[in-house]
Amino acid sequence: MDRRDFLVSVAAAAGAASLAGCRSAPPPLPPGELLGTSLDLGHRLRAADFAPPGETRKAAVVIVGAGIAGLAAGWKLARSGFTDFLLVELESEAGGNSRAGRNAVSAYPWGAHYLPLPNREAVAVRELLADLGVLQGDPHALQPVYDERYLCATPQERLYRDGRWQEGLLPQTGVSAGERQQYQRFADLMEGFRRQRDRLGRRAFALPMALSSPAPELQALDRISMRHWLLGQGLDSPHLHWYVNHACRDDYGTGSAMVSAWAGIHYFACRDGEAQNASSDTVLTAPEGNAWLAEGMLRSIGTRAGSRLLTGAMAFRVAGGERAAKGQPIEVDLWLPQEQRTLRLLAGQLIWAAPLFLVPHVFVGHETLRAAARSFSHAPWLVANLTLSRFPEDRAGAPPAWDNVLYEGAGLGYVVATHQQMRLHPGATVLTWYRTLDEQSPQCGREALRDTPRELWAEQILAELERPHRDIRQLTTRLDVFRNGHAMARPVPGLIWGEARRHFAVDGERLRFAHADVSGFSLFEEAQYRGVLAAERTLRRLGLRFSSSLA
């Protein structure tokens, strides 16, 4: 489907929705805004139309990108007592995909909205949670205790299908005995991968992924798609394929036909976190999604190192680095749009914690890195937050849950920002609805995000949610839409264990990369690991002593 066909289909869906059901005119669309990452600055970056630097500053360490990876790098540096660093962010606030919004009803996420219970090998995640007071007691314990306020209240998830809600996301009604046998076989295969170790004791699928076994038979899974692997195992159940496809779209922004089988299996086999006071499948969440994690790291940086964050600053040129003369700093040129001027930073060490798709546009020289970065592709996403005067009327079946998925529809479903408080304080709420535009190429998806007005998105979203909630239009008082053209790296076959990704995982003398892209897919644990790893490598290069968060 190309961009024009996509826009026509959106408009047609909106028109059909306005004519369906009751003959009376539907209520007007609720007010709202069309938001998103800095599209204008991104286009200007391609044009490379910037003034020469009018000011030069020095910094021992510069971190470009204040998403989870950049914040994690700053958190680790500050926690180790190192203060001479500057964190640079294009947007007006830090957080990346973990930013949030707030209104009179609730805080709500604009992206990532949960964190599974961390595995024992995710040491840095556990240390962070202990630092924030959410993990209580020993962060290395097999089953830590977590703050009850962050443990997702039950029910955690449900699925809308055939006019009814069911508990859980794996379809249950109308499923044949043969398909149920396939369900069990798939579960057994995933459990086998979860328990598998190589001769050195490394897990087949670890989190962070850098700790996974590099065994050739496991690497071979990266050369085929998840869908191809399922069919090769004789697993052809349509309901199972829907479930796996939904999981891939939800975590990777791309369907199972395009996701590497290694990445697809990793989704199901990498997690084994436990807690004393929660079941293993419980997630940590808050009304604002994962923004509480980003804000917690930012507070740690500010508390220990003063003001180390420069927002509204776009890095458009990086020169020097590995080929520069010994002792010569790396030049990082920043465009400050609010001031309409260019600032040059002279960095002794550079941690690039921004997405890798920017590398070909920003780095001068470094042809190998520029070429490797072009091997990555990124999934576009759409997120909407609907503020409701009360929770909508529900169809039959399972009660409201935190995560609510529709079996049929363009979207992935919605999470309820007020889920933790609904039983105690029923009333107004915010629903955060997600969609990945994986039915078309990433480029066409980005063009659709750029060209589609908020009104068309809003109409399509409301039409989709009317199926499970007939009164959604009458109750929605505001509907804001957020566009993210490069939300996450797509783990297509050949990326995870390919040569291109490895170029960014090495420890350079003065330059290292820290974004989740370096892992090949976007998870909080991966972004945080890459940021902490880059910070620890930087501290070693500076000859400073520290206690590792990765061992």
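**Exercise 1. Is Gln219 buried or exposed, and what surrounds this residue?**

Solution. Gln219 has a relative accessible area of 19% and is therefore buried, where buried means under 20% relative accessible area, exposed over 50%, and partly exposed in between (1.4 Å probe, protein chains only). The model is predicted: local features need pLDDT of at least 70, side-chain atom pairs count only at pLDDT 80 or more, and totals for chains, interfaces and linings use all residues. Residues are numbered from 1 along each chain as its sequence is written, and side-chain values use heavy atoms, with hydrogens and water left out.

Step 1. Gln219 belongs to helix H6; helices (H or I, at least four residues) and strands (E, at least two) are DSSP runs, numbered from the N terminus.

Step 2. Leaving aside residues up to four places away in sequence, Gln219 touches Pro214, Trp497 and Arg502; contact means heavy atoms within 4.5 Å.

Step 3. A polar atom of the Gln219 side chain lies 2.7 Å from the backbone oxygen of Pro214.

**Exercise 2. Which residues of helix H5 are buried, and what covers them?**

Solution. Step 1. Helix H5 comprises residues 177-195, 19 residues in total. From first C-alpha to last, H5 reaches 27 Å, close to the 27 Å expected at 1.5 Å a residue; the expected span is 1.5 Å times one less than the number of residues.

Step 1. The buried residues in H5 are Glu179, Gln182, Tyr183, Phe186, Met190 and Phe193. They lie on the same side of H5 because they cover an arc of only 110° around the axis, the arc being that of the directions from the helix axis to the C-beta atoms.

Step 2. Ala177, Gln181 and Arg195, on the other side of H5, are exposed.

Step 3. The cover over the buried residues of H5 includes helices H6 (216-219), H7 (226-232), H8 (238-252) and H9 (261-269).

**Exercise 3. Which strands pair with strand S15, and in which sense?**

Step 1. Strand S14 (residues 330-336) pairs with S15 in the antiparallel sense over 7 bridges; two strands pair if DSSP finds at least two bridges between them. Leu336 has Arg341 of S15 as its bridge partner. S14 and S15 form a hairpin with 4 residues between them, and Gln340 in the turn has a positive phi of about 55°.

Step 2. Strand S2 (residues 55-64) runs parallel to S15 and is joined to S15 by 9 bridges. Glu55 stands opposite Leu343 in S15.

Step 3. Strand S22 (residues 511-513) also runs parallel to S15, with 3 bridges; Trp352 stands opposite Phe513 in S22.

**Exercise 4. Which residues touch the most other members of the largest nonpolar core?**

Solution. Step 1. This core holds 44 residues, of which Ile63, Leu77, Phe85, Leu129, Tyr146, Met297 and Phe524 touch the most other members. A nonpolar core is a set of buried Ala, Val, Leu, Ile, Met, Phe, Trp, Tyr and Cys residues joined through side-chain atoms within 4.5 Å.

Step 1. The elements giving two or more residues to this core are S2, H3 (68-79), S3 (85-88), H4 (123-131), H10 (291-305) and H17 (524-541). Helix H3 supplies the largest share, 8 residues.

Step 2. Not counting residues up to four places away in sequence, Phe524 touches Ile68, Leu115, Val125, Leu128, Asn290, Leu293 and Met297.

Terms used
Polar contact = N/O pair within 3.5 Å; in protein donor to acceptor, adjacent residues only side chain to side chain.
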